[in-house]
Amino acid sequence: MPTTCPPVRRCGTHAPGWIKGLHPSVADGQVTREVCYHWSNNCCRWKNNIKVKNCGAFYVYELQKTPACSLRYCVASNDPCSNYKSLNAADRLESYTGQSPVRCDQRDITPGWYRFTGVAGNPKMPTTCPPVRRCGTHAPGWIKGQHPSVADGEVTREICYHWSNNCCRWKNNIKVKNCGAFYVYELQKTPACSLRYCVASNSNNPCSNYKILSAADRLESFTGQSPVRCDQ
């Protein structure tokens, strides 16, 4: 749902509803938020409370009947968490040394919001300087600073490109958003060639490097005792 007042006569109704306040983080659990309805130059002509929960990859809302007609819960149309292009990260990993052909995001990228896909886990850009000639290019790009939390919303981060013993030989700004289960990046064309946005190797990421443990007889409702098991 939007967190800013939409124009009237949108979302298929007369008075569109929006959340007055921020969406919760995963750690916040279920929270109560006020929903306002815009009509007659009043962004909060009517209002009611709902509950909201951040499920990591998406939000759920405990909706109530609206206070009157014609009012309706509205949905934000410009959230990059649901409006992005996928960008294969397999040859963008900082561990990737291939150089045939040498890629360049001044040619390969059309400015817009992207999510890195194609490798296990939650691929994201590195926040430390990668070696040169990695990620399928000459000068790999990395984020100078930390990734945002969900509560931070969209943030601006500086991208540095490593070349000639200088971890920030070139630089440009992009936007980043934490969508809970993944990150999206508003990528721009790189300042020169051959520069490329890099993806952190995630071999040490437990979200993509784990063993499967069957939970069938571990449920607290399971009463079987033959045999009695022990995790020592």
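Guide: A charge sits over a ring if NZ of Lys or CZ of Arg is within 6 Å of the ring centre and within 35 degrees of the ring normal. The model is predicted: local features need pLDDT of at least 70, side-chain atom pairs count only at pLDDT 80 or more, and totals for chains, interfaces and linings use all residues. Residues are numbered from 1 along each chain as its sequence is written, and side-chain values use heavy atoms, with hydrogens and water left out.

Visitor: Which ring does the charged end of R169 sit over?

Guide: The charged end of R169 sits over the ring of W170, 4.5 Å from its centre. The charged end of R115 sits over the ring of F182, at 3.8 Å from the centre.

Visitor: What is the volume of the second largest pocket?

Guide: The volume is about 280 Å³, taken as the space filled by probe spheres set on grid points joined across faces, edges and corners. A pocket is an open set of points on a 1 Å grid over the protein atoms alone, where a 1.4 Å probe fits, with protein on both sides within 12 Å along at least five of seven lines; lining residues have an atom within 4 Å of a point.

Visitor: And which residues lie nearest its centre?

Guide: Of the 13 lining residues of the second largest pocket, D217, R218, F222, P227 and R229 lie nearest its centre.

Visitor: How much space lies in the largest pocket?

Guide: The largest pocket holds about 950 Å³. Its lining has 35 residues, with M1, H23, A76, D79 and K177 the closest to the centre.
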